[in-house]
Amino acid sequence: MLSIENNQIMMEHYTDVVSVSSTKVQVKFKGYQICIQGDDLKILALAASEIYMAGKLESIEFLYEK
């Protein structure tokens, strides 16, 4: 599940955090990955099944595994 509100992003049920920088965050889920690009991206909270992020969102890309 992906939820976006007031420049904050919440993702649930992820399996791995692939990469994190201030301009790009890539998160793996079962069968696909989500790549978020923007400015001043930061992880506010990281739990076993949830990630809370904030920053200026520019794009979201879904990368499906074959």
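Modeller: The largest nonpolar core has 11 residues, namely I9, M11, Y14, V25, V27, F29, I34, I36, L41, I51 and M53. A nonpolar core is here a set of buried Ala, Val, Leu, Ile, Met, Phe, Trp, Tyr and Cys residues joined through side-chain atoms within 4.5 Å; buried means under 20% relative accessible area, exposed over 50%, and partly exposed in between, with a 1.4 Å probe and protein chains only. At least two residues of this core come from each of β2 (8-12), β4 (24-29), β5 (32-46) and β6. Strands (E, at least two residues) are DSSP runs numbered from the N terminus.

This is a predicted model, in which local features need pLDDT of at least 70 and side-chain atom pairs count only at pLDDT 80 or more, while totals for chains, interfaces and linings use all residues. Residues are numbered from 1 along each chain as its sequence is written, and side-chain values use heavy atoms, with hydrogens and water left out.

Apart from neighbours within four places in sequence, I51 is in contact (heavy atoms within 4.5 Å) with I9, M10, M11, Y14, V17, V27, I43, A45 and L46.

β4 and β5 run antiparallel and are joined by 6 bridges; V27 has I34 of β5 as its bridge partner. The two strands form a hairpin with 2 residues between them, and G31 in the turn has a positive phi of about 95°. β5 then pairs with β6, again antiparallel, over 12 bridges, and A45 has Y52 of β6 as its bridge partner. In this hairpin, 3 residues lie between β5 and β6. β2 is joined to β1 by 4 bridges in the antiparallel sense, with I4 opposite I9 of β2. Between β1 and β2 there are 2 residues, and N6 in that turn has a positive phi of about 50°.

In a regular strand the side chains alternate between the two faces of the sheet. I4 belongs to a nonpolar surface patch of about 520 Å², together with L2, L57, I60, F62 and Y64. Such a patch is made of residues with over 30% relative accessible area and no salt bridge, nonpolar side chains (Val, Leu, Ile, Met, Phe, Trp, Tyr) being joined within 5 Å and like charges within 9 Å. Accessible areas come from the Shrake-Rupley method with a 1.4 Å probe, and for residues only the protein chains shown count as cover. β1 (2-5) and β6 (50-64) each supply at least two residues of the patch, and β6 gives the most, with 4 residues. L57, in strand β6, is partly exposed at a relative accessible area of 30%.

Charged contacts complete the picture. The structure holds 2 salt bridges, each a side-chain nitrogen of Lys or Arg within 4 Å of a carboxyl oxygen of Asp or Glu. E65 forms one with K28, the closest N and O atoms being 3.7 Å apart. This pair links distant parts of the chain, 37 residues apart, with E65 in the segment after β6 and K28 in strand β4. E65 is partly exposed at 41% relative accessible area, and K28 is partly exposed at 30%. K42 and D40 also meet in a salt bridge, at 3.2 Å from N to O; K42 is partly exposed, with a relative accessible area of 40%.

Key. Two strands pair if DSSP finds at least two bridges between them.
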